[in-house]
Amino acid sequence: MRYERPETIEAAIALLADAEAKSFVLAGGTDLLVRMQNDTFEADLIVDIKSIEGMDAVTQTDDGFLIGAAVSAAALSENAALVAEWPGVVEAANLIGSTQIQGRCTMVGNLCNASPAADSVPALVAADARVRIAGPDGSREVAILDIPTYPGKTSLTKGEIIVAIVLPKAATRSGDAYLRFTPRTEMDIAVVGVGINLTLDEGGVVAAARIALGAVGPTVSLVEEAAKALIGSKLDQAALDALASACSAASNPIDDKRGTIAFRKQVAGVLARRVAQTAYTRAGGK
Amino acid sequence: MSFDAAYQSKVLKSVGTRPLRPDGVDKVTGRARYGADFNMPGQLVARVLRSPHAHAKIKSIDTSRAAAAKGVKAIITAADLPDLTDGNRSLFAILDNCMARSKAMYDGHAVAAVAAIDEKAAKVALQLIEVEYEVLPHVVDVDAAILPDAPVLNDTIFTKGVEPIPKTPSNVANQAEFGHGDVEAGFMQAEVIVERSYKTEQTHQGYIEPHACVASCNTDGTAELWVCTQGHFVYRQTCADLLGLEVSKLRVTSSEIGGGFGGKTHVWAEPVALALSRKAGRPVKLVMSREEVFRASGPTSATSIDVKIGTKKDGTITAAQATLRYTSGPYPDTWAEIGAMTSFACYDLKNVKTVGIEVIVNRPKVAAYRAPSAPMAAFAVESAIDELAHKIGMDAVDFRIKNAAKEGTRASYGPIYGPIGIGPTLEAAKTHPHMSAPLGKNQGRGMACGFWFNFGGQTCTDLNVSADGTVTLAVGTVDVGGSRASLSLIAAEELGIDYQDIKAVIADTSTLGYNDMTDGSRGTFSSSMATISAARNAIEVMRHRAAMMWDIPPEDVYWEDGHAVAAGTKHGNRAPLSVKEIAAAAGNTGGPIAGHSELVADGAGVSFATHICDIQVDPETGSSRILRYTVIQDAGKAVHPAYVEGQYQGGAAQGIGWALNEEYIYGSDGRLQNPGFLDYRIPVCSDLPMIGTQILEIPNPNHPYGVRGVGETSIVPPLAAVANAVSNAIGLRMTHIPISPPRILAALNDAARN
Ligand SMILES: Cc1cc2nc3c(=O)[nH]c(=O)nc-3n(C[C@H](O)[C@H](O)[C@H](O)COP(=O)(O)OP(=O)(O)OC[C@H]3O[C@@H](n4cnc5c(N)ncnc54)[C@H](O)[C@@H]3O)c2cc1C
């Protein structure tokens, strides 16, 4: 197995494009290094992207934020402007693992590992974030939702690397939040995760909403019905009930070692209510 | 010299203090050497091929392609570990578990092993071994295994312990009954009866260090084994038996141990590593992966238990009965029997009956786990006790106090108790501030008692006084929880010297006489007894040496405060001789000074604890958080109180994990779904509050300082204490452990629907 640490994105792409079938991008390594312990894991090439210029930078632009692919969760929480504008995204990334893991792990790694339970992904979907991809055929930008296609699979093609996450400028009177359910307090995998982003009108009525569910289907999903349940409301009981029902209904989980179908559907609704209230408060609603 | 182990009340100087443990710095700086930290020149790497099937006939194993692969030096199958067990069924079970013979009995059962020049070559070789299986029907659930239509896993098993012996084989290996009085008559007198069935899932000891060893067989019939174990002498005996080695020619050295909790009382990998080394003619290192640890080592029994208890309204229990079904994995064992013995050990009962039923299933062979079998029985019994107390409107502590066993009580499993701690721990619980602390919304408090037998056993210790007067103490019980510190305190106390002047080590099997392993909470109990005896023998030697130095009769020299003192006035006012002075002169007074001790430590007093738990339940998600937890336990005498507290806390933490989240989850194919710490959820630090402890000291009459073992009892009450707390928080009886969020939420939903 070959380990490379290129300093330019072009070099990284070239390495991957020319490589044998079994090659991997390495960011924080908190998924990849664990997988490498498996007896069945094989790799010919590992391309570490942490030395590529700009990968570890969070840049505030006129349109929002550009978050380099190698930025760790811990670094996100140290960026005051980002925390102020996207508290839900930052809190989601900082639920990953533990303090030690957060010092290494990245949101892009979280996304590309393509686990349905990835914590930062529902928050990124709710925020309507996009990713910037560089590859042998040039660059493209796609929505977060379009990256994971199935547990463990992404839509990235050979030689493609995600270089950054593009977070839009948060709308006035908006707030985002993320909540997950795990049996333990930390070092655990989400049994259900809910990300939400609400925008209010001047009267405190929900004008726009994006609600994404994690761990209750093969990939993270954006729930239109849940958004409809909240739009036009001030999060009254009826709206919250409709939100919970919509999230439970949209959940399409499996029975497995982490939870039952019935449990996950019910808790998706419970978390949606709770996270909606947090986002509403953050958006300035009362 | 005869040794008097009877308790003598006296003021102690070193015992009861809290110095740092001698192994602490090495452990926190990473210098300590664990099982996998040992290496030998020319060493090969071993890997084990394991059955992917829960139950399958092994039709053939073809190793020829693997043997031809690059870097492969030896491959073994059951043929290389032939059956030398001579009708000894429990030894055969160990052998068959190390390497499956005709059938693979569980997902993860070893079927072959490879030694190669490196990890990669070994991995490649594993993939080249061709095993032809005939998959057989399997059963993993304890209740399903005893249904009439269950596949019979071993057609040579006819239930033992029932009359007449059945004519057809079944998965019930044996049945054992305990008790006294007439339970039917007792239930007739009862005014209130609780009768319920409970279930607990299988858990693993969860030690952080996986099994690891390095084995080296020489052509002259000698062999060496460096291994992480709780009992190197026992490993030596078992490995020698299985491989046909002479016991004294196998030298076993125990490494530091990263947790065992009973799981390292049993060999898995060691005979395999030795057999590979014998075949390859080179040292072989075998380290199990975490997945292998879960699939193929350890676990405790899964259980299903029926309890019936009757009481008068004044709180007098009139009869108690329990039927306990425990899985033992694929081989007969005695886990249900032990569970049946412990069930009602906390109570003074006129009429009591327990039946233990041992059930064979397609799961890994069960090994001891801290007070093995007792936590599940306590869960069922203490849940029923709690429910009864509620039903008759009596405080749960008072109800237990009223029925608690005491000195003179006939235990439900037979013996008459001497002085015991159950009553005092209950009284302490009653007055503990925790008991009266206010509770908030969705919060509940539970309490429970627990019992463990404790064990003594064969023990051998050497104490050597060096020329500078410092002392080395060589013991043969592996230090699993700070015993080197405790034993040094004991030696310091006896000799009258400083703790700092004693260096305790765990001797290997070639340098000390046989020792039973560190199990049954015996480490400090029995090795301290042997240390006291060895120290007194050394003092005897030093007394004689002092007499020689002074040229007076030895009868006129006595030992006091670390010094030889000349008695009376007839020898003038001689200044007492210190250990240092006597040691410095040893070369001229008869040579090295040492004390030895070989004994069977009898009378390891039984142990009791009472635990109190506060929990908060989120009624919308079923999530729970332990808010406060208190352990009250009798230590006899706490030699090193900090490490006694550590044992109390550690047992409680493990019990809490078992109660709330830990479980083996099998798929319908009989494969283990969660062989890793991500989905086998032991508690993390932030899941637990600081666990409060209260040490009671009710001296054990059979130990010079009154010491009782403290290592195991602390895991007995938590399952019940947590279950009672949850049940009290949500107003519903939780009868299935672990009480995970999905189970709590399902129970709340059911209650809401009805
Ligand atoms: C102890 C522990 C606890 C954990 N807890 C959680 C948790 O609570 N929640 C959670 O969601 N996850 C958890 N994880 C999983 C993991 O930490 C996260 O998924 C993390 O975000 C992965 O980021 P990384 O940078 O370490 O990824 P890496 O391991 O470096 O990469 C992950 C995958 O993404 C690919 N990749 C990485 N960067 C790029 C890129 N720029 N372009 C294309 N492909 C790329 C890699 O090739 C690899 O396949 C945990 C892991 C551990 C070890």
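This is a predicted model: local features need pLDDT of at least 70, side-chain atom pairs count only at pLDDT 80 or more; totals for chains, interfaces and linings use all residues.
View 1. Buried means under 20% relative accessible area, exposed over 50%, and partly exposed in between (1.4 Å probe, protein chains only). B:Phe261 sits in the loop between strand 11 (250-254) and helix 7 (270-280) of chain B. Helices (H or I, at least four residues) and strands (E, at least two) are DSSP runs, numbered from the N terminus. B:Phe261 is not a glycine, yet its phi is positive, at about 55°.

Two sentences on conventions apply to every view. Residues are numbered from 1 along each chain as its sequence is written, while chains are lettered from A and ligands numbered from 1 in the order in which they are written. Local features need pLDDT of at least 70, side-chain atom pairs count only at pLDDT 80 or more, and totals for chains, interfaces and linings use all residues; side-chain values use heavy atoms, with hydrogens and water left out.

**View 2. B:Asn454 has a positive phi and is not a glycine.** Its phi is near 70°. B:Asn454 lies in the loop between strand 16 (443-452) and strand 17 (457-465) of chain B. Relative accessibility is 9%, so B:Asn454 counts as buried.

**View 3. A cis peptide bond links B:Glu163 to B:Pro164.** Omega is about -10°. B:Pro164 belongs to the loop between strand 6 (130-135) and strand 7 (172-180) of chain B.

**View 4. The peptide bond from B:Ile737 to B:Pro738 is cis.** Here omega is near 5°. B:Pro738 is in the loop between strand 27 (736-737) and helix 20 (741-753) of chain B.

View 5. B:Arg325 is part of strand 14 (residues 317-327) of chain B. The side chains of B:Arg325 and B:Asp306 make a polar contact of 2.9 Å. A polar contact is a pair of N or O atoms within 3.5 Å; within protein, one must be able to donate a hydrogen and the other to accept it, and residues adjacent in sequence count only if both atoms are side-chain atoms. Setting aside residues up to four places away in sequence, B:Arg325 touches several residues, including B:Val142, B:Asp143, B:Ile146, B:Ile357 and B:Val359. Contact means heavy atoms within 4.5 Å.

**View 6. B:Gln43 pairs with B:Asn39 through a polar contact.** The contact joins their side chains at 2.9 Å. B:Gln43 lies in the loop between helix 1 (24-29) and strand 1 (44-50) of chain B. With a relative accessible area of 18%, B:Gln43 is buried. Not counting residues up to four places away in sequence, B:Gln43 also touches B:Phe38, B:Val214, B:Pro283 and B:Lys285.

**View 7. B:Val48 is buried in strand 1 of chain B.** Its relative accessibility is 10%. Leaving aside neighbours within four places in sequence, the contacts of B:Val48 include B:Ala110, B:Ala112, B:Ala113, B:Leu126 and B:Val272.

**View 8. Helix 10 (residues 237-250) and helix 11 (residues 261-282) of chain A cross at roughly 140°.** Their axes come within 7 Å. Axes are lines fitted to C-alpha atoms, for helices over the stretch in contact, and angles run from 0 to 180 degrees between N-to-C directions. Helix 10 of chain A and helix 11 of chain A are therefore oblique to each other. Angles under 35 degrees count as roughly parallel, over 145 as roughly antiparallel, 65 to 115 as roughly perpendicular and the rest as oblique. Among the residues that meet are A:Leu240, A:Leu243 and A:Cys247 in helix 10 of chain A, and A:Ala268, A:Ala272 and A:Ala276 in helix 11 of chain A. The residues of this contact divide into 8 nonpolar, 5 polar and 3 charged. Ala, Val, Leu, Ile, Met, Phe, Trp, Tyr, Cys and Pro count as nonpolar, Asp, Glu, Lys and Arg as charged, and the others, Gly among them, as polar.

**View 9. A:Ala268 is a buried residue of helix 11 of chain A.** Its relative accessible area is 0%. Leaving aside neighbours within four places in sequence, A:Ala268 is in contact with A:Val192, A:Val194, A:Cys247 and A:Ser251.
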